[in-house]
Structures are given as structure tokens and as C-alpha cells.
Amino acid sequence: MELILWRHADAEERVPDAARALTANGEKQARRMAAWLKKRLPKGARVLASPAKRAQQTASALTRRFETLREVGTAAGPQSILDAAGWPDGRGTIIVVGHQPTLGQAAALALTGRPAGWSLKKGALWWIESRDRGDVLTRAVTAPDML
């Protein structure tokens, strides 16, 4: 299984939180990361997105076919995110478009068994792979133009 935890791109500061839209820079970040992902994702990758507008817009940069789940939304906990994705025993590639600090906590939980305050920049992602042998590989991607 491959689990990709993608933090929404840069968003405007306003209330209500769920209605915050991407900034012009955020739209550019989302498009760049989506272009990078499209070159690397296997066919059939499933995308789960938070109901928050900024996460929906980020997911839309990658595909119009994504699922909106409260389980990965702003009030979600790290275990909720891993459960929604089916980590670690699921199959295929699952992309979760969500929020900090929960995505960082979910990455820590997936890799160490404990949630911790790991940081994930806006528009960046953690790509974690669980292999049948029990091995777990990970990579963090923050600036696709630098790869």
C-alpha cells in the first residue's frame, strides 16, 4: 500500500475556517504538486479530501474524481485519517488531502506507532509505502521543481 498525505496548498486567512479558499500562490502550488504527482501515480489511485474548500481545491488540481470525507477533515484525528485510508493493510495508492497538524501526526503514527507533532509545509506531502514484508518506506516532497 502507498499512502500519500498531502497538505492543502496556501490558503487565505479568514473565517469561517471551512470556507477558506486557496490564494493565487496556493493555486500555483497545488497545480505544481499535482503535475509532479500525475507523472508518478499508478493508475487507479484513490483520492480522499477534507470537506474544507482549500482541500477540495487542492484535490481538484489533481483530479475531479475524489471522495470528500469528514474523517480527513479539519476536526479529524491522526487515527481517523489512517483508518479512512486503510493503512497499513489496504491495497493500492491512497492520497489524503488534509490539514496540519493532523497530517503530520498521522505520518508519525504510521511510521512510529505514536502521533507526534511532525511538520508538513503547505502544499507538501509525505509518501509512505508499506510492503508485504512489513517494510515501510517514506519520502517527503516539498518542492517538486527541486527533484
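**Order of elements.** I read the elements from the N terminus on: they run β-α-β-α-β-α-β-α-β-β. That gives four helices and six strands in the protein. I took helices (H or I, at least four residues) and strands (E, at least two) as DSSP runs, numbered from the N terminus.

**Basis.** The model is predicted: local features need pLDDT of at least 70 and side-chain atom pairs count only at pLDDT 80 or more, while totals for chains, interfaces and linings use all residues. Residues are numbered from 1 along each chain as its sequence is written, and side-chain values use heavy atoms, with hydrogens and water left out.

**Whole chain.** I looked up burial (buried is under 20% relative accessible area, exposed over 50%, partly exposed in between; 1.4 Å probe, protein chains only). Buried residues make up 46% of the 147 residues. I then looked up contacts (heavy atoms within 4.5 Å). Of those with a separation of 6 or more, 61% join residues 24 or more positions apart.

**Helix 1.** I checked its length against 1.5 Å times one less than its number of residues. The 15 residues of helix 1 (residues 24-38) should span 21 Å, and the end C-alpha atoms are 21 Å apart, which agrees. Buried here are G26, A30, M33, A34, W36 and L37. They cover an arc of only 160° around the axis, so they lie on the same side of helix 1. The arc is taken from the directions from the helix axis to the C-beta atoms. A24, R31 and K38 are exposed on the other side.

**Helix 2.** In residues 53-62 I find R54, A55, Q56, T58, A59 and L62 buried. The buried residues of helix 2 pack against helix 1, strand 1 (2-7), strand 2 (46-49), strand 3 (67-68) and strand 4 (93-98).

**Helix 1 on helix 2.** I used axes fitted to C-alpha atoms over the stretch in contact, with angles from 0 to 180 degrees between N-to-C directions. The two axes come within 8 Å and cross at roughly 40°. The contact is made by A30, R31, A34, L37 and K38 of helix 1 and T58, A61 and L62 of helix 2. Helix 1 and helix 2 are therefore oblique to each other. Angles under 35 degrees count as roughly parallel, over 145 as roughly antiparallel, 65 to 115 as roughly perpendicular and the rest as oblique.

**Helix 3 on helix 4.** The axes of helix 3 (residues 78-85) and helix 4 (residues 102-112) come within 8 Å and cross at roughly 70°. That makes helix 3 roughly perpendicular to helix 4. P78, Q79, I81 and L82 in helix 3 meet T102, L103, Q105, A106, L109 and A110 in helix 4.
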